[in-house]
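Here is a walk through one protein model, step by step. Keep the sequence and the 3D view open while you read.

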Amino acid sequence: MGLRERFQAGLARQLGHPSGLRGRFVGSALNRRNREAVVKAVAALELSGAERALDIGFGGGLGLGLLLRKATTVQGVEISKTMLDRARGTFRREIAAGRLVLSEGSMTALPLDDGSADAIVTTNTVYFVDDLAAAFAEVARVLAPGGRFVLGIGDPELMGRARMLTDNGFRIRPLAEIEATLDAAGLALSGHERFAHSGLGFHLLLTGK
């Protein structure tokens, strides 16, 4: 493997599971690069201010900050200990006040009670999930009746052309497959927003119970 290939493989690993000092830099970069997508995804939840919100795979923590402005309480689940430590430093006051609870866990095994979230958001996470059906089943379990779930993903067709992604473990699934898996989990599609983002297309899938 050449130098370029090693660099790309390392970057791909960091995007899926940021770790160490390099991971902290990746977290900051994710906040900058994904700002528009995360802002739009949180806005699509249409929070009234009374909800219990959840950000799954919050990465650099941008979404947590946005949710804290609107929701009564916020939970964050993240597989990366580096990102958890970063968020604990950034939001120490909110954590101390009981407004934010952070937990380590994966999308296929959320460490949360049934029906404990009224609004759930996740962006740029499903590429790193092997069992998508199990992940969406967990979202449906945690989402309260009448709740709303917003899933943000890069355009699969365009992402599929990027060999750095496809050669390094990114699971790029067609939109039809993702929508069918959401439906099978009991997450009914209520809206689909498309927009340009970072030179690629981006999709917000709006669902609920």
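Just after helix H3, glutamate 46 takes a positive phi of about 55°. Helices (H or I, at least four residues) and strands (E, at least two) are DSSP runs, numbered from the N terminus. The model is predicted: local features need pLDDT of at least 70, side-chain atom pairs count only at pLDDT 80 or more, and totals for chains, interfaces and linings use all residues. Residues are numbered from 1 along each chain as its sequence is written, and side-chain values use heavy atoms, with hydrogens and water left out.

Now the whole chain. The protein chain holds 10 helices and 7 strands. Of its 209 residues, 50% are buried. Buried means under 20% relative accessible area, exposed means over 50%, and partly exposed lies in between (1.4 Å probe, protein chains only). The chain exposes about 10100 Å², and carbon and sulfur atoms supply 52% of that area. Accessible areas come from the Shrake-Rupley method with a 1.4 Å probe; for residues, only the protein chains shown count as cover. Take the contacts between residues at least 6 apart in sequence: 67% of them join residues at least 24 apart. Contact here means heavy atoms within 4.5 Å.

Next, the sheet. In what order do the strands of the open sheet stand? The order is E3-E2-E1-E4-E5-E7-E6, with mixed pairing across the 7 strands. E3 and strand E6 (188-197) are at the edges with a single partner strand each, so one side of each has no neighbour in the sheet. From one strand to the next, the twist averages 15°. Two strands pair if DSSP finds at least two bridges between them. Strands of a sheet pair through backbone hydrogen bonds, either parallel or antiparallel.

Look at E7 (residues 200-208). Strand E5 (residues 143-154) runs antiparallel to E7, and 7 bridges join the two. Arginine 148 has glycine 208 in E7 as its bridge partner. Leucine 151 stands opposite leucine 205 in E7. E6 also runs antiparallel to E7, joined by 9 bridges. There, histidine 197 has leucine 200 of E7 as its bridge partner. Is E7 enclosed or open, and why? E7 is largely enclosed by the rest of the structure, because 8 of its 9 residues are buried.

Return to H3. Which residues of H3 are buried? They are Ala37, Val38, Ala41, Val42 and Ala44. These residues cover an arc of only 160° around the axis, which puts them on the same side of H3. The arc is that of the directions from the helix axis to the C-beta atoms. An α-helix has 3.6 residues a turn, so residues three or four places apart point the same way. The buried residues of H3 pack against helix H4 (62-68), E4, E5, E6 and E7.

Now move to E2. Glutamine 75 is found in strand E2. Glutamine 75 is buried, with a relative accessible area of 16%. Leucine 54 is 21 residues away from glutamine 75 in sequence, yet their C-alpha atoms are 4.6 Å apart in space. Leaving aside neighbours within four places in sequence, glutamine 75 is in contact with residues including Ala53, Leu64, Leu112 and Ser116.

Follow that last contact. Serine 116 is found in the loop between strand E3 (100-104) and strand E4 (117-123). Serine 116 is buried too, with a relative accessible area of 15%. Its side chain reaches the backbone oxygen of aspartate 113 at 2.7 Å. Such a polar contact is a pair of N or O atoms within 3.5 Å; within protein, one must be able to donate a hydrogen and the other to accept it, and residues adjacent in sequence count only if both atoms are side-chain atoms. Alanine 109 lies in the loop between E3 and E4. At 45% relative accessibility, alanine 109 counts as partly exposed.

One more loop to visit. Serine 80 is found between strand E2 (73-78) and helix H5 (81-90). Serine 80 is buried, with a relative accessible area of 0%. The side chain of serine 80 reaches the backbone nitrogen of methionine 83 at 3.1 Å. At the start of H5, a side-chain oxygen of serine 80 also comes within 3.3 Å of the backbone nitrogen of threonine 82. Both Thr82 and Met83 are among the buried residues of H5.

Terms used:
Axes are lines fitted to C-alpha atoms, for helices over the stretch in contact, and angles run from 0 to 180 degrees between N-to-C directions.
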